[in-house]
Amino acid sequence: MKICSKCKSEKGDEFFSFKKNGVPGLKSACKECHAADVRARYAADPEPRLRRTAELRKDPVVRGKINAKRNQTRRQQPALTLLRLAKVRAKQNSLPFNLELADVVIPETCPVLGLTLKWGCAKRQIDCSPTIDRVDPQKGYVKGNIFVISWRANRLKSDASLDEMRAVVAYFEAALGVAVTATNWRPT
């Protein structure tokens, strides 16, 4: 049993947090009082906390650690990375989002171009990087409206409609004098 320094009531040890500064023992204020104190402090002046976080992120050592962790996650959990990036884009563009990790299935090869899908370097994507594509862009990132294709295929598709894509294929077929397929046409 311990007496809280804030509310002055006697409570069991389970109501107190452990000290994090290396000194063994419990904090003097109970968890409830400590949480209320922290909320009041940050409500009064949230800027110091935000400034500290921004300054830390500018530190090259901290930035390096953040980047290393991000790159490790990208390599080990590519579906999770695609899901997180899609969620950010959905929020930025005010699009619906209800995907879960199980909805992001990364095939071995791009279903459009047949490229073997793999991650590029940390700084940029490469043609065979997997990306989430929306079948109907207006529906957003929702179940049944996405599939994973290569970055190259996604760029080629971009925001073109089906009719526009057919017009491009018809143009190349006329210009080349043959039916255009994935095997006989390669971009320059």
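Leaving aside neighbours within four places in sequence, Ser-150 is in contact (heavy atoms within 4.5 Å) with Cys-110, Leu-113, Leu-115, Leu-117, Asp-127, Cys-128, Ser-129 and Thr-131. This is a predicted model, in which local features need pLDDT of at least 70 and side-chain atom pairs count only at pLDDT 80 or more, while totals for chains, interfaces and linings use all residues. Residues are numbered from 1 along each chain as its sequence is written, and side-chain values use heavy atoms, with hydrogens and water left out.

Ser-150 belongs to strand E4, residues 146–150; strands (E, at least two residues) and helices (H or I, at least four) are DSSP runs numbered from the N terminus. Between Ser-150 and Gly-114 there are 36 residues in sequence, but the C-alpha to C-alpha distance is 8.7 Å.

Val-112 sits in the loop between helix H4 (78–92) and strand E3 (130–134).

The table lists relative accessibility; buried means under 20% relative accessible area, exposed over 50%, and partly exposed in between (1.4 Å probe, protein chains only).

| Residue | Relative accessibility | Class |
|---|---|---|
| Ser-150 | 0% | buried |
| Val-112 | 47% | partly exposed |
| Cys-4 | 1% | buried |
| Cys-30 | 1% | buried |

A search of the whole structure finds zero disulfides. A disulfide is a covalent bond between the sulfur atoms of two cysteines; here the term means a pair of cysteine sulfur atoms within 2.5 Å.
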